[in-house]
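Here are a few notes for a first look. Please keep the structure open while you go through the points.

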Amino acid sequence: MTWNELTVWQYQQIYPIVTKPEKDWTNLDVESKLVGIIYNLTDTQVDSLTIQQFNNLRGTLSFLDDKIEGKPVRYTEVNGKRYRFIYDVQQIKAARYIESKVFSTDLVGNLHKLAASMVMPQRRTWYGRYVDDTYDASKHSDYAADLQASNFVHIYHSVVFFYQVYRNWIEVSQAYLIQEMMAKGMTPELAQEA
């Protein structure tokens, strides 16, 4: 098992267990929960495993100690749909930017929602090529649900890369934005604060 085999949903379930397990949980409790999440087994199914089966599955959990290797991707496909990642901050509409600011308060819990704010759905043409479809804000939750079932490494590294690009863009454009606001009559103090 590797990070690349997990979905976003699985990572969202694993993260709190690995980072802050319940106080009364033993190592066996933690490992049982992780095996269940990673192999899509219920608690009852995990409890029904033989000791040998459980130990074999538990032995595959060592990847959780590894660094999450990967890189941003241009596209991801899930549930028969394809999404193109947008890394150019200037191509993101203001409403989607505001959504991403709200969702970033819980980065792991909202990873799929953040990703849905930075993708463009695509469709196939008659010739089999993919082209951008229209982004429908009312379908944001549908896009997010698809991306929650998507490859975790693709989504994780793409969101991290987008935020690095965005942070750099803000730092670089800050002086320009202040100058533009002052040119429109805003005081230097208010422009700086904004």
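Predicted model: local features only at pLDDT ≥ 70, side-chain atom pairs only at ≥ 80, totals over all residues.

1. The largest nonpolar core has 42 residues. Trp-3, Leu-64, Phe-152 and Ile-155 touch the most other members.

2. Look next at Phe-152. Leaving aside residues up to four places away in sequence, Phe-152 touches Trp-3, Leu-6, Thr-7, Val-8, Tyr-11, Ile-68 and Leu-111.

3. Now find Ser-158. This residue sits in helix 8, which covers residues 152–183. Is Ser-158 buried or exposed? Ser-158 is buried, because its relative accessible area is 0%, and the cut-off for buried is under 20%. The Ser-158 side chain reaches the backbone nitrogen of Val-73 at 3.3 Å. Beyond four places in sequence, Ser-158 touches Pro-72, Val-73, Phe-85, Tyr-87 and Met-118.

4. Then turn to a helix pair. The axes of helix 1 and helix 2 come within 10 Å, crossing at roughly 175 degrees. Helix 1 is therefore roughly antiparallel to helix 2. On the helix 1 side, the contact uses Trp-9, Gln-10, Gln-13, Ile-14, Ile-17 and Val-18. Helix 2 contributes Val-30, Lys-33, Leu-34, Ile-37 and Ile-38. By type, the residues of this contact are eight nonpolar, two polar and one charged.

How values were computed:
Residues numbered from 1 in each chain as written. Heavy atoms only, no water. Helix = DSSP H or I, 4+ residues; strand = E, 2+ residues; numbered from the N terminus. Buried < 20%, exposed > 50% of the residue type's maximum accessible area, 1.4 Å probe, protein only. Polar contact = N/O pair within 3.5 Å; in protein donor to acceptor, adjacent residues only side chain to side chain. Contact = heavy atoms within 4.5 Å. Core = buried A, V, L, I, M, F, W, Y, C linked by side-chain atoms within 4.5 Å. Axes fitted to C-alpha atoms, helices over the stretch in contact; angles between N-to-C directions. Parallel < 35°, antiparallel > 145°, perpendicular 65-115°, else oblique. Nonpolar A, V, L, I, M, F, W, Y, C, P; charged D, E, K, R; others polar.
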